[in-house]
Amino acid sequence: MSQADCSLRDTAAALGRGWNAFFHAPCDARVCALVRIAFACVVLANFAALWPDRERWFTDAGVLTAETSQRIASPYGWSLLWLLPSTTEVVNVCLWIAVANTVLLLIGLLPRLNALCVLVWLYSFQTRNVQIIDGEDTVMRMTAFFLIWMPSGQCWSLHALLRRWLGFPPLGCEAPGWSLRLLQIQMASILLSTALLKLAGDEWIDGTALYYVSRLDDFWGRFPVPAWLFDTPWTVALMTWAVLVVELTVPVLIWFKETRRWCLLVTVLFHLANEWTMHLFLFHWIMLVGWLSFLTAGDLAWFTGKSQRGAAA
Amino acid sequence: MSAAARSSTETTPAPPRLWSRLRLIAVNAFIAAFLVLLAIDVMPQSPLALRLKLQRVLAPLGIAQGPWNLFAPGPDRTNIRLRAEITYRDGQRQEWSAPTWREQSAAQMWWGHRRHAWYDHLVAQEAGPIWEQWCRHLAREQRPDLADADRGAVVRVIYQLGPVAPADLKPWRSIGEPPQYEPHELVLTIERLE
């Protein structure tokens with residue numbers, strides 16, 4: 001076929017078919033439910049960690065008045081806490097409402113509405129004190145945003161249970177998949193973005209980046225690791241380059257059925273290894289929540305099959 | 001068109017096909033718009049000016065991200081030790097130090113993560129508007145016995161740098177050994193609180 005044989009109309013039609021197949025193929029609603037439940041657990045852990053220091057971070061009696069927090073936040077940002085008196089009582093009430101919304105999301109009652117509420121609370125607390133936020137806070141916000149669009153209440157939820165009790169036909173496990181796709185793209189983008197930035201750093205290219213990381217006292221040394229692994233230049237170089245390889249290849253190979261499971265396995269090991277060695281709070285856990293979006297009905301059958309066999313044994 | 005046929009079209013509601021088609025178009029437009037915004041916001045190669053302009057849209061929606069720069073393009077190369085000297089209006093002096101991270105347990109580090117992030121951002125601020133308020137808080141926290149303890153207090157915030165030696169200087173300091181801090185101290189700010 002010569003180039004002249006390519007029709008613009010055929011190409012556009014093929015692209016349209018590809019787009020529809022990619023974004024509008026149905027997904028397994030149990031995967032959405034799994035993301036919802038895991039996400040809510042991580043957010044509850046986040047609120048639990050904020051609770052003891054709530055007065056310090058979010059009131060005028062703490063380290064940052066509402067007025068100064070408005071000066072240092074994004075000029076386009078907003079916070080519900082700026083509209084309310086900056087007192088401990090108000091922050092207590094707001095945190096409890098946020099926890100209630102998260103619990104409702106966890107059990108799957110009005111999950112889209114509660115995902116929206118959780119996003120509003122997360123954003124409000126984060127904007128009230130931008131000096132204490134980190135990468136995990138951004139991933140939490142983004143995941144809450146995707147859950148607004150996700151059919152996460154179709155399975156494993158109080159919503160589904162109530163429908164059954166009220167005599168409505170069950171919704172089944174098939175649901176529109178585009179919102180889950182967006183979360184998948186988000187996760188791949190995070191890895192790709194950080195990999196591309198790292199390619200611009202000498203330490204990642206010459207294989208010494210993990211030498212520096214492992215000597216940062218405030219991040220490193222969560223649980224014991226063999227010292228020789230990080231004291232020997234060639235092992236450090238291998239691990240540094242392995243990080244780059246993972247971050248560059250996973251966002252590409254995870255889209256193919258032949259390599260998806262391997263990519264997921266590598267990604268889980270990567271995050272757990274980081275969690276073992278470094279103090280990064282909830283970052284790796286919320287990332288693992290996001291990677292759950294790549295599970296399929298086949299994976300769930302494999303897990304449940306294994307667990308049923310395990311229970312039988 | 002016959003009168004009967006016309007009357008039938010006037011009374012029949014729009015077919016569901018049209019509604020689902022409109023819905024599909026809306027969803028596709030949403031997906032396409034989101035993907036464009038995501039690519040510009042997250043990819044480090046996108047023009048900074050464009051990325052900043054996008055903040056007008058993304059920040060109010062709560063979905064601004066920026067490029068993901070954890071340990072990128074290169075990791076930090078400096079450990080920092082932070083302390084403060086507070087002189088109160090009654091002449092009493094108090095010292096405060098940030099935790100020695102190496103001596104903290106995994107649980108303490110987890111629960112104290114936000115404090116760590118605070119100190120980290122505090123040192124990175126240049127002439128930060130948050131320093132005065134933090135100093136006031138510190139002065140009050142260190143002297144709960146003194147009413148309005150921050151009034152009239154002078155707080156000197158001091159830090160010491162512990163640079164990680166360049167990797168080409170061998171042998172490397174083992175990860176089991178504590179970092180070496182420079183002997184001199186740097187004053188981050190002196191806040192005279194009114």
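How many helices and strands does the secondary structure of chain A come to? There are 17 helices and two strands in chain A, where helices (H or I, at least four residues) and strands (E, at least two) are DSSP runs numbered from the N terminus. This is a predicted model, in which local features need pLDDT of at least 70 and side-chain atom pairs count only at pLDDT 80 or more, while totals for chains, interfaces and linings use all residues. Residues are numbered from 1 along each chain as its sequence is written, and chains are lettered from A and ligands numbered from 1 in the order in which they are written.

**Chain A overall**

The C-alpha trace of chain A spans about 75 × 65 × 60 Å along its principal axes. Of the 313 residues in chain A, 42% are buried. A residue is buried if 20 or more other C-beta atoms lie within 10 Å of its own, exposed if 12 or fewer, and partly exposed in between, with C-beta atoms placed from the backbone. Two residues are in contact if their C-beta atoms, placed from the backbone, lie within 7 Å. Among contacts in chain A between residues at least 6 apart in sequence, 75% join residues at least 24 apart.

Two helix pairs are described here. Axes are lines fitted to C-alpha atoms, for helices over the stretch in contact, and angles run from 0 to 180 degrees between N-to-C directions.

Helix 6 (residues 88–107) of chain A packs against helix 7 of chain A at an angle of about 145°, with the axes 8 Å apart. The crossing of helix 6 of chain A with helix 7 of chain A is left-handed; a crossing is left-handed if the near helix is turned anticlockwise from the far one by less than a right angle, and right-handed if clockwise. Helix 6 of chain A contributes A:Ala98, A:Asn101, A:Thr102, A:Leu104 and A:Leu105 to the contact, and helix 7 of chain A contributes residues including A:Pro111, A:Val118 and A:Trp121. This contact has eight nonpolar, three polar and no charged residues. Ala, Val, Leu, Ile, Met, Phe, Trp, Tyr, Cys and Pro count as nonpolar, Asp, Glu, Lys and Arg as charged, and the others, Gly among them, as polar.

Helix 8 of chain A and helix 10 of chain A pack at about 165°, with their axes 8 Å apart. Helix 8 of chain A is therefore roughly antiparallel to helix 10 of chain A; angles under 35 degrees count as roughly parallel, over 145 as roughly antiparallel, 65 to 115 as roughly perpendicular and the rest as oblique. Helix 8 of chain A passes helix 10 of chain A in a right-handed crossing. The contact involves A:Met142, A:Thr143, A:Phe146 and A:Trp149 of helix 8 of chain A, with A:Ser179, A:Leu182, A:Leu183 and A:Gln186 of helix 10 of chain A. By class, these residues are five nonpolar, three polar and no charged.

**The sheet of chain B**

Chain B has an open sheet of four strands in the order 2-1-3-4, with antiparallel pairing. Strand 2 and strand 4 of chain B are the edge strands, each pairing on one side only. Two strands pair if DSSP finds at least two bridges between them.

| Strands of chain B | Sense | Bridges |
|---|---|---|
| strand 1 (residues 78–87) and strand 3 (residues 154–163) | antiparallel | ten bridges |
| strand 3 and strand 4 (residues 186–192) | antiparallel | six bridges |
| strand 1 and strand 2 (residues 93–97) | antiparallel | five bridges |

B:Ala84 has B:Val157 in strand 3 of chain B as its bridge partner, and B:Arg83 stands opposite B:Ile158. B:Arg156 is bridged to B:Ile190 in strand 4 of chain B. Strand 1 and strand 2 of chain B form a hairpin with five residues between them, and B:Gly91 in the turn has a positive phi of about 90°.

**Contact between the chains**

The contact takes 60 residues from chain A and 53 residues from chain B. On the side of chain A, helix 10 of chain A gives the largest share, eleven residues. The residues on this side divide into 31 nonpolar, 17 polar and twelve charged.
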